[in-house]
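Here are my notes on the model, point by point. Keep the structure open while you read.

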Amino acid sequence: MVSDETSSSPAAAADYDVVIFGGAFSGSALGLLLKRARPQTRVLIVEKSEAFDFKVGESTSEVAGCFLTRVLGLGHYLNCEHFQKHGLRMWFTTPENDCPNSCSEIGPNSQARFPTFQLDRSKLDTHMLEMAAMEGCEVLRQASIKSFDLAGAGKNTIVLKHEGGTRTITAGWVADCSGKAALVARQRGLWRKLEEHPVHSMWVRYSGVKTLDSHAARVEAPFLKNGPSVARASATNHLMGRGWWSWIIPLSNGDFSAGVTWDERLFTPPSEGPIGTRLKEHLLDHPIGKLMFENAVAIENDARIYKHLPYYSTEVCGDGWIMAGDAAGFMDPLYSQGLDYCGHSTYCAHKLIIKALDGECVKMALDHHNEIYPQSYQRWFHGLYKNKYQYLGDADLMHAAFLMDIAAYFIGPVRAVYANADKEYSTMPYNGLGGAIFAKFMRFYNRRLETIARKRLTAGTYGKNNLKHRFLVTVPYEPNLKAVRHLFHGMRVWLKMEVETMFVRPLEAMPEKMEKKEGEKAVTPRMAEVS
């Protein structure tokens, strides 16, 4: 319950109007938004690390690209210091194939250029925190949150550890941008695993990777000389398999980020040895992975692993506190939309805090945000990811999903933020009646594609077109109703497979949850990352 006390702006009596836990992407973005909207706001950003490390979120999609460029004004910096992304490509194979020339491919033939980037997150986060400091935020670095008491707007108390001593401060508002550490959610008992989606991830950075557009790659795989008009090497390339997918992301310094995300109900990657060795072993099993990573070298001390990636908070705000970015939840990195949620939730947080600091009663706004955030999260999950790993390894099924998923994204969230950024970032994706209708449609076709996958497994036709097919999208996606043509194309591909498998009995469905073994401890994600 939120008291009416928020309407009188009690934050004025506190040491700071807003204290932000975490200074990486979401924390710095929130600080910038607050200072730009209300310059007199006293903002303290508390960042634990001495230097930012690398993160899984190196690739952006169009909604995050709009937030970075149109909202934060980082377009020139990103064009100069980071890698421009040329879409998403997916590569398929079969167990017996070892020839990259034979792998089926899904991806764009050309692109309408909307800002998307392959990010060096350590560099971006550092730049954004420096900007926040230049624009008036106070920054405490190598400072940890020892304890905090969320007693209401203007009454919040935080005990910090900094430079060997402790310091107690008061805050009008606390904004948790601590990433997967999720400090507020864990303290208040709000943090939950998304049990329906038991996926894990490990990733490494490599040097010495052979790029797909290089002369050396084309000598080994002559098919690369032909194909799309856009560069393959600067895309986010995904290697696909049943129960797993691997990303390959080029970075501006010449290194590559590579990783594998898997559903434990369907797949287990190599488990012996260092993470870099295990991941490379997995990548070399795929002909495109072998082409690129045969001579690659894992960068020392630059490996990560997360057990059970997806989680959420049952509440995301209250009297004098709010969560933004990964502190509120995380779902799945398949479509690179983690920063989309960071953009939306950060913008929502700054709007709500500004209202409170200006003396408005925000009780209804807090209640509304606690309603729309989980609603958006669940709609997105059921529409895109629930049991999707069952059909990730089938090129036909993913061709249908690729067309429909991305069309729905462009018709909905991308079109909306480019039409009115302030209005759309002030709420969550797939909100309202239109969002609800699209979410139900996406949920339906996702369920049907998963069922068709199980039917194909029964019939022995799963992955039947995983070799020697090019599923290239010849007309670029645009954030308007022209994207409907891709939606209809995807529906035709889907319905053709419905007819093909009409009389086939599907394989038994996956369990909704993995049974916990006797004596097994619950595993929570590593808590050192800050979004």
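1. Tyrosine 311's strand, E17 (residues 311-313), pairs with E20 in the antiparallel sense over two bridges. Strands here are DSSP E runs of at least two residues, helices are H or I runs of at least four, and both are numbered from the N terminus. Two strands count as paired if DSSP finds at least two bridges between them.

2. Before going on, a word on what this is: a predicted model, where local features need pLDDT of at least 70 and side-chain atom pairs count only at pLDDT 80 or more, while totals for chains, interfaces and linings use all residues. Residues are numbered from 1 along each chain as its sequence is written, and side-chain values use heavy atoms, with hydrogens and water left out.

3. How far does the predictor trust it? The mean pLDDT of the protein chain (pLDDT is the predictor's confidence in each residue, from 0 to 100) is 92, and 93% of the residues reach 70 or more. Over residues 1-8 the pLDDT is below 50, and beyond near neighbours in sequence this stretch has 20 contacts (heavy atoms within 4.5 Å) in the model. Residues 517-531 are also below 50, with 50 such contacts.

4. Three strands form an open, antiparallel sheet in the order E11-E17-E20. Strand E11 (191-193) and strand E20 (329-330) each have a single partner strand, so one side of each is left without a neighbour in the sheet.

5. Another open sheet has eight strands in the order E16-E12-E15-E14-E13-E4-E5-E21, with mixed pairing. Its edge strands are E16 (297-306) and E21, each pairing on one side only. Strand E5 (residues 104-108) pairs with E21 in the parallel sense over four bridges, and glycine 107 stands opposite leucine 472 in E21.
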